[in-house]
Amino acid sequence: MQQLLQGEPCPDQAVNGLMPHLLHQLHAIQQQYRYIPTQQSKQVSETLQLPLAQIESVIDFYSFFTRTPRGQYTLLFSNCTSCGDLALMRELCQLLKVEQGITRTDGLVSIDETSCIGMCDHGASLLINDRVIAHLDSTRLKQIAEYIESKTPLDQWSPELFSINTQIYKKGLLLEQPLEQGSALTAAFKLGSDALIQTLKQSGLRGRGGAGFTTGMKWEFCRQAQGAQHYVVCNADEGEPGTFKDRILLTDHAHELFEGMTVAAYALGAQQGYLYLRGEYRYLVPHIQQVLTERRQQQLLGQNILGQQGFTFDIELVVGAGAYICGEESALLESLEQKRGVPRIRPPFPVTHGYLGQPTVVNNVETFVAAAHIVSKGANWFKAHGTEQSAGSKLLSISGDCTKAGIYEYAFGVTVQQVLDDCGASDAQAVQVGGPSGTLVHRKDFGRQLAFEDLATGGSIMIYGQQRDLLKVVRNFTHFFAHESCGFCTPCRVGTPLLRKYLDKIEAGHGTAYDREEMARLAKLVKKRSHCGLGQTAANPILDLLEHFPHVCEQRLLHQEYEPFFNLDAALETTRQLSHRDDAEAHLA
Amino acid sequence: MNQLLENTLTIDGQVVPFSAGQTIMDAALAAGIYIPHLCHKPELKPHGSCKLCTVDVDGRSMSACTFPASQGMQVANNTPALTEVRKTLVQMLFVEGNHLCPTCDKTGDCTLQALGYHLGMLDGHFPPFYPRREVDASHPDLILDRDRCIMCGLCVRASQQIDGKNVFALSGRGAQNHVIVNSPSGKLGDSDLNKDDLAAHICPVGAILPKNHGHEVPIGRRTFDLHTVAESDIATFNLHKTEHHDD
Amino acid sequence: MMTNKVRVATTSLAGCFGCHMSFLDMDERLVGLLEHVEFDRSPLTDIKHCQPCDIGLVEGGLCNAENVHVLREFRNNCKILIAVGACAINGGVPAMRNHYEVQECLQEAYLNGVGVDNPMIPSDPELPLLLSKVHPLHEVVRVDYYLPGCPPSGDAFYAILSDLLAGREPSLSKTMLHYD
């Protein structure tokens, strides 16, 4: 396994290395000023010839952009149940005498939380100025605090702090035998576009992001669609909490990914591809850029690829800025188009009206890697593994309460129990399959299979041992969705904060049976009536908890008819202080 | 086969013709069938965000204003379950903003309010958010009161698609969504919005209102005091709190 | 003396008594109503505390500690609690202060406002303390029925009371439903 040391991202390089794009410009400004001054957004509006309101709306949409200065050292602790530990965040806040979300008065440091940063196999983790520090503990926090107080530049910090060494515990179809560079392309040229797409269809490959649309069909629809240009887009916005397998593929198998994208370009007649990388993985940019450069040098990208006359294709990298919704393909395309990541109305689908309104294939990282392997090794090689409806293998990102967190590649059809046995999870009470948007699986259902026809998963497997409070886990997920909702449609924009309100009330021990029923009623509405996949899955954790773990909620309820939504006595605190009163009438029980 | 029979769908059992490219909403409006809606105006590109026009198409939930009509489609529209869903959505919009009808000059002419009446909404039901949003009174003829904004995007689209301007945009994320003004200062007075623009009139609630025209029509004689938002067979509303639906 | 009459209590919390005025707009129908109804705690009777009642009509939202005490007394004593009017249902006009911090409100009223003499924030146990925000009733107690309007019309009061007295599930005709 290649150990990747993250290079200090120099602001100039980071922008110059990447194509001109609103997200990149804003990131550079954020780096320079630690926020986006209004004057700068006006300048960007002029340089990029975009309306000022578009710039402003983008700044306010993506979590990583701010309007008030953050610290010279900006730390964002993951709040995921696997790579987050907010107790450690509070500990560091104390060490550095800084309040969460408020930049220290000397401007040196700011600390806040952020959604899962994909380091779930590395324990508690944080982002510091776009770089990752994992394996956090009190010792590391002290070390970090000292570096910060002494204003030591990040590149002089102990490199050990930044090392990310992901363990691959089980290799299968894709990871076992790396693909020789160019071999899939050579095979593709031999097959020709039609036969290539047929091969993919025969292989039974379905999208690895979780939704599971047949890849060959997607490519075929796109190929058939009329358009001035066709585009190939790789969705590397791996934002589902608990997933980190794309990070490994991008680190160790980037060539295969780009080969898959290039094969797709050949099949569709596309000339331009984009890799949309989540902002949390920005530290991978130099590595990815280097792989792209190598491929250009080897004639695997560029003009007349591998001597194939007229086949021209290249790939640009676009880096996100903290928005889970951009993992939804149409929101991703909006983001590529320098807008807020709001999911589009469908139909039309991206295969006919995608990037810039042109036919576009959007696939997950793993899908492109698998496609490259299939084109090179044949449909039968792939189809021989997995189940009838779920051919091939799946990379799993396993984290949580187990002894061996890391990457596992299984043929589809493996049971949850098998996975748990292999990763050393002996006392699991529940497993969250497919991340918060997936399914909370009860111990009695550990015999279920990981496959599209049973438990579909984009690869996130989060394990919860007996000592975990599942209500806290579900509360964490519910907060996550309320934070990440794009706000486009009513059910999700208003529903997710309301669900958060009900669940907070219940978790705090102030909920009644009535609150539980109201929460369930609302959860069903949000699930059934929301515009996109985010809203349609946001209530899954609550609904799964109520169905499979009813006692977890029940034992937290008050056995009374009604309980207020807010603390009445606390609501008098301000006026008590202002009037200097503390008599009995100045309180409410 | 008869061309007419080929291009038909049914809404609550009624056969409705449509032409290629029409949405369910287009077909329904042409046939005089009312499907509740807030963010939709036929002359503008559909947005599909308010979800008031949610219908069940062959058992699946769809937005009538954006979903293409197709042959033989079975659409459920005016059902008790969908009325409950829509009422809940209106309640959610009410608690999300600061909709204090007695204080608003749009009262009686407000589509959100009229939908509340149409759907038999008696209360906001959920704990109110009481957001603090900015009021913009910088324009000589118009006021922008974000407290009442429901994020329908009608002003955004009217400005872009009809007025040939680009005065408004939706900004922010999640519950922090808000409408912003595309001007150097971000203020309405600094924009090229004119009081005769469609964007100045299209707001279905009281978020964009003309200045200097208060209470010209007395309360009790305004649009929705005299007319319902649509013809409806619901004559009375049960006063009970919301029960449910959607199981 | 025990009677077979239905006991009704009414109160105004953070409201303007407009709903009570509208209640009186039932006019001569009040006479007929009084054959079946007797009033408990209400501004109409000056009874200071609730006995067990059948119906409680509460106007106004919750802006201070006393409002909460009164609301709880109503909830504890009334079999059926009805939130009456815009303020009881969503805070209404008093909730416009939620746009500001309660501190700002007090400072404006007692310290920095125009024409303030002897500026000081009162500290008298006789005065109920303000809640940080104005709240509708349903945030604090269970509410059985809602009668919207600012105010609800006399007809609407009559309709809901007639239904309840007749043992029917109350309903409002479409023309009686309004929020203003």
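**Exercise 1. Backbone angles**

Where in chain A is Gln299(A) found, and what is its phi?

Solution. Gln299(A) sits in the loop that runs between helix H12 (285-297) and strand E8 (314-319) of chain A; helices (H or I, at least four residues) and strands (E, at least two) are DSSP runs, numbered from the N terminus. The model is predicted, with local features needing pLDDT of at least 70 and side-chain atom pairs pLDDT 80 or more, whereas totals for chains, interfaces and linings use all residues. Residues are numbered from 1 along each chain as its sequence is written, and chains are lettered from A and ligands numbered from 1 in the order in which they are written. The phi of Gln299(A) is near 65 degrees, which is positive although the residue is not glycine. Most residues other than glycine have a negative phi, and most peptide bonds are trans.

**Exercise 2. Cis peptide bonds**

Solution. In chain A, the cis bond joins Pro347(A) to Pro348(A), with omega about 0 degrees. Pro348(A) belongs to the loop between helix H13 (329-336) and strand E9 (360-364) of chain A. In chain C, the cis bond runs from Cys150(C) to Pro151(C), and omega is near -5 degrees. Pro151(C) lies in the loop between strand E7 (145-147) and helix H6 (154-165) of chain C.

**Exercise 3. A helix pair in chain A**

Describe how helix H8 (residues 183-203) of chain A packs with helix H11 (residues 254-268) of chain A.

Solution. First, the geometry: the two axes (lines fitted to C-alpha atoms over the stretch in contact, with angles from 0 to 180 degrees between N-to-C directions) come within 9 Å and cross at roughly 40 degrees. H8(A) and H11(A) are therefore oblique to each other; angles under 35 degrees count as roughly parallel, over 145 as roughly antiparallel, 65 to 115 as roughly perpendicular and the rest as oblique.

Next, the residues: H8(A) contributes Ala184(A), Leu185(A), Ala188(A), Ser193(A), Leu196(A) and Ile197(A), which meet Glu259(A), Thr262(A), Val263(A), Tyr266(A) and Ala267(A) of H11(A). Contact requires that C-beta atoms, placed from the backbone, lie within 7 Å.

**Exercise 4. A sheet in chain B**

What is the strand order of the open sheet of three strands in chain B, and which pairing does it show?

Solution. The order is E6-E7-E10, with antiparallel pairing. Strand E6 (135-136) and strand E10 (208-210) of chain B are at the edges with a single partner strand each, so one side of each has no neighbour in the sheet. Strand E7 (residues 142-145) of chain B pairs with E10(B) over three bridges; pairing requires at least two bridges found by DSSP. Ile143(B) has Leu209(B) as its bridge partner in E10(B).

**Exercise 5. Interfaces of chain A**

How many residues does chain A give to its contact with chain B, and how many to its contact with chain C?

Solution. Chain A and chain B each give 32 residues to their contact. On the side of chain B, helix H3 (80-96) and strand E8 (168-171) are the elements that give two or more residues. H3(B) provides the largest share of that side, six residues. In the other contact, chain A gives 19 residues and chain C gives 17 residues. Helix H3 (65-77), helix H5 (102-112) and strand E6 (130-135) of chain C are the elements that give two or more residues to the side touching chain A.

Methods: Two residues are in contact if their C-beta atoms, placed from the backbone, lie within 7 Å.
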